[in-house]
Structure formats: structure tokens, C-alpha cells
Amino acid sequence: MQSLQHTIKAVIRRGEESGYVAVCMEIAVVTQGSTLDEVTRNLQEAVALHLESEDLAALGLANNPMLVVTMEVEPAYA
């Protein structure tokens, strides 16, 4: 029996021109926002919409998976 994932991982990084971009690792979701708060809200909404009519088990996901977000930042140089 296959073990179902309880998390969906996403990475948020600075966009090439401005703002932030979020990319999910397990599902085909990419979104953006001008602030961290906006990109986070957009990510939550995009994931919910993507999974709305999907068979989660067919995607390898357990019911009600959590979204785990990693943020990539450049170090601050003095």
C-alpha cells in the first residue's frame, strides 16, 4: 500500500523583476504577489482551487494536506 503525503511543499523566492513567486513541488501550482502576505494568500487560494475537484489519493496526497512553505532569501551583506 502506498503511503500518502500529508504535506504539499512550496518555495517562495523573489521574482526576477519585482515581488515574489511561489512554486509547489508536488502539484502544478505557481503564483505570484507583490508582497509576502499577498503571495502567501495567492498560494493558499491557488492550491485550494487546484485540489478542489481532484482525487487526492490519485495525486499521492492524504485528505486535508497541509501546505509547508520555505522561503529563499539572499543573505544581507554589511
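# Exercises on a predicted 78-residue model

Of the 78 residues of the protein, 27% count as buried, where buried means under 20% relative accessible area, exposed over 50%, and partly exposed in between (1.4 Å probe, protein chains only). This is a predicted model, in which local features need pLDDT of at least 70, side-chain atom pairs count only at pLDDT 80 or more, and totals for chains, interfaces and linings use all residues. Residues are numbered from 1 along each chain as its sequence is written, and side-chain values use heavy atoms, with hydrogens and water left out.

## Exercise 1

Work out the order of the elements and the pairing of β1.

Step 1. The secondary structure comes to one helix and four strands; helices (H or I, at least four residues) and strands (E, at least two) are DSSP runs, numbered from the N terminus.

Step 2. Reading from the N terminus gives β-β-β-α-β.

Step 3. Two strands pair if DSSP finds at least two bridges between them. Strand β1 (residues 5-14) pairs with β4 in the parallel sense, over seven bridges. A10 has V69 of β4 as its bridge partner.

Step 4. With strand β2 (residues 20-24), β1 pairs in the antiparallel sense over five bridges.

Step 5. β1 and β2 form a hairpin with five residues between them, and G19 in the turn has a positive phi of about 70°.

## Exercise 2

Decide whether T31 is buried or exposed, and list what T31 touches.

Step 1. Locate T31: this residue is found in strand β3 (residues 30-33).

Step 2. The relative accessible area of T31 is 17%, so T31 is buried.

Step 3. Leaving out residues up to four places away in sequence, T31 touches Y20, V21, A22, V39, N42 and L43. Contact means heavy atoms within 4.5 Å.

## Exercise 3

Describe the largest pocket by volume, lining and residue classes.

Step 1. A pocket is an open set of points on a 1 Å grid over the protein atoms alone, where a 1.4 Å probe fits, with protein on both sides within 12 Å along at least five of seven lines; lining residues have an atom within 4 Å of a point.

Step 2. The volume of the largest pocket is about 160 Å³, a volume being the space filled by probe spheres set on the points, which are joined across faces, edges and corners.

Step 3. The lining consists of I8, Q44, V47, A48, L51, L56, N64, P65, M66 and L67. α1 (36-51) and β4 (61-71) each supply at least two residues of this lining.

Step 4. Sorted by class, the lining has eight nonpolar residues, two polar and no charged. Ala, Val, Leu, Ile, Met, Phe, Trp, Tyr, Cys and Pro count as nonpolar, Asp, Glu, Lys and Arg as charged, and the others, Gly among them, as polar.
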